[in-house]
Amino acid sequence: MRIRDMNWMQVEAQLGRDDRAVLPIGSTEQHAYLSLATDVVLAERVAIEAAEPLEVPVFPALPYGMTPGFMAYPGTVTVSPVHYFAFLRDVLESIASHGFRRIMVVNGHGGNTPAKVAAYEWMAQRAGVQVLWHDWWNAPATMARVRSVDLVASHASWMENFEWTRVVGPEPPDVQKSLVDLARLSTLDPRATREYLGDGNFGGRPRRSDEEMAGIWRTAVEETRELLSHGWSVPAAPAPAGRDRTGVKPGSGV
């Protein structure tokens, strides 16, 4: 049910069955020893695994987000809020224009969270369209599972270290890093941020066991799927009699 594996005719047929869609969004930014695309990889993967049994299509993840503080780390890409908000609204508008009425945004990057306001502002101007914003890593059940493993976990630490976010290269030193002072961090420019953070890990060990990580991942997928199934404020409107949700009369071509 990935949009990249479908053609437009299959999407049109899908709209006659279900008006839900999922849009993952992430960021390309430093994650210490992990992939610069960690937020993209995790947002898209949790969305796909959650949506697949429900047969809900998942759009390709938006790969860039708002991360100005990490611009002293090579490979990081940031987008200004005014451009990001406008871009996100255009993407949502496109998806809704085809007949998707329930759109779940699966966000993988904390810096993107302010865009939730833009998404809801857009929704308020579109009668009959719902947007469900889901910060997957920070959702209640998932975060509780993380805290049950280790109270010290943050950006670029073990809590984002999955098999699919690792890269070939030197292993990080297996030491417990103290949590950074977020209040202080918020006052620093990019160069000072790099000097303060070092490798970029906000706190915690760089890695936990794959068994522990698998348990956290199962919780994240299940929590995302539950929201995609039952998190909507109102149920989907039925397709008009004799027409699918695209407004096209079946078999008529008009």
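Predicted model: local features only at pLDDT ≥ 70, side-chain atom pairs only at ≥ 80, totals over all residues.
The largest pocket holds about 670 Å³ of space. It is lined by 29 residues, and those closest to its centre are Phe 70, Gly 110, Gly 111, His 155 and Phe 202. Helix H2 (38–51), helix H5 (140–149) and helix H6 (182–185) are the elements that each give two or more residues to this lining. Sorted by class, the lining of the largest pocket consists of 13 nonpolar, twelve polar and four charged residues.

The second largest pocket has a volume of about 300 Å³. Its lining has 20 residues, with Tyr 33, Pro 170, Glu 171, Pro 172 and Pro 206 closest to the centre. In this lining, eleven residues are nonpolar, four are polar and five are charged.

Helix H5 has a buried side. Thr 142, Met 143 and Val 146 are buried in H5. These three lie on the same side of the helix because they cover an arc of only 95° around its axis. The buried residues of H5 pack against helix H8 (210–230). On the face turned away from the buried side are the exposed residues Pro 140 and Ser 148.

Helix H2 contains Leu 42. With a relative accessible area of 1%, Leu 42 falls under the 20% limit and therefore counts as buried. Leaving aside residues up to four places away in sequence, Leu 42 touches Trp 136, Glu 160, Phe 162, Trp 164, Thr 165 and Trp 217. Between Leu 42 and Ala 61 there are 9.8 Å in space, C-alpha to C-alpha, and the two are 19 residues apart in sequence.

The model has 13 salt bridges. One of them joins the side chains of Asp 18 and Arg 20 at 2.7 Å, N to O, and both of these residues are buried. Asp 18 and Arg 20 also belong to a network of salt bridges that includes Asp 19 and Arg 102.

Another salt bridge, at 3.6 Å, N to O, is formed by the side chains of Arg 89 and Glu 121. This pair links distant parts of the chain, since Arg 89 is in helix H3 (residues 81–97) and Glu 121 is in helix H4 (residues 115–124), 32 residues apart. Arg 89 is partly exposed, at 26% relative accessible area, and Glu 121 is partly exposed at 42%.

The side chains of Asp 150 and Arg 208 also meet in a salt bridge, at 3.7 Å, N to O. Here the linked parts are the loop between H5 and H6, which holds Asp 150, and the loop between helix H7 (190–197) and H8, which holds Arg 208, with 58 residues from one partner to the other. Asp 150 is buried, with a relative accessible area of 13%, whereas Arg 208 is partly exposed, with 22%.

Notes: Residues numbered from 1 in each chain as written. Heavy atoms only, no water. 1 Å grid on protein atoms, 1.4 Å probe; cavity = no way out; pocket = protein on both sides within 12 Å on 5 of 7 lines; lining within 4 Å. Points joined across faces, edges and corners; volume = space filled by probe spheres on them. Helix = DSSP H or I, 4+ residues; strand = E, 2+ residues; numbered from the N terminus. Nonpolar A, V, L, I, M, F, W, Y, C, P; charged D, E, K, R; others polar. Buried < 20%, exposed > 50% of the residue type's maximum accessible area, 1.4 Å probe, protein only. Arc of directions from axis to C-beta. Contact = heavy atoms within 4.5 Å. Salt bridge = Lys/Arg side-chain N within 4 Å of Asp/Glu carboxyl O.
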